[in-house]
Amino acid sequence: MDIAVIGSDEFTLGFRLAGIRKVFIADKDNYQEKLQEAISDANVGILAASAKDLQEFLPTNYRMKVMESISPVIVPVGGGSKNDLRERVKQVIGVDLYKAEDE
């Protein structure tokens, strides 16, 4: 499974520098189309997206459906602690992998 990123050139640049090769460049006009393309790619296991883009560029009902996706897991980046990776993993698999044994 690959890790992919969707967003503007500026948003995806850091991910590309970190070695992410599967990049979907999207803006307000084609965001939903590119997101559907990314979700349909069977090799994508994790998809990083700007929380702001998800909020602004997608209709509420579609955004809710996307955020419930298990394959790929959509990870909003930025936008507060509610959208962090730990919470998404916990939501998708039902287990807090980061939980310390003494908690």
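This is a predicted model: local features need pLDDT of at least 70, side-chain atom pairs count only at pLDDT 80 or more; totals for chains, interfaces and linings use all residues.

Start by selecting helix H2, residues 31–40 (helices, H or I of at least four residues, and strands, E of at least two, are DSSP runs numbered from the N terminus). Its buried residues are Tyr 31, Leu 35 and Ala 38, where buried means under 20% relative accessible area, exposed over 50% and partly exposed in between, with a 1.4 Å probe and protein chains only. Look down the axis of H2: these residues fall within an arc of 60°, so they line one face of the helix (the arc is taken from the directions from the helix axis to the C-beta atoms).

Residues are numbered from 1 along each chain as its sequence is written, and side-chain values use heavy atoms, with hydrogens and water left out.

Next, show what the buried residues of H2 pack against: E1, E2, E3, helix H3 (51–57) and helix H4 (60–67). Contact here means heavy atoms within 4.5 Å.

Now pick Asp 53 in helix H3. Leaving aside neighbours within four places in sequence, Asp 53 touches Gly 7, Tyr 31 and Leu 58.

Last stop: Val 5. Its bridge partner in E3 is Ala 48, while in E2 Val 5 stands opposite Val 23.

Conventions. Two strands pair if DSSP finds at least two bridges between them.
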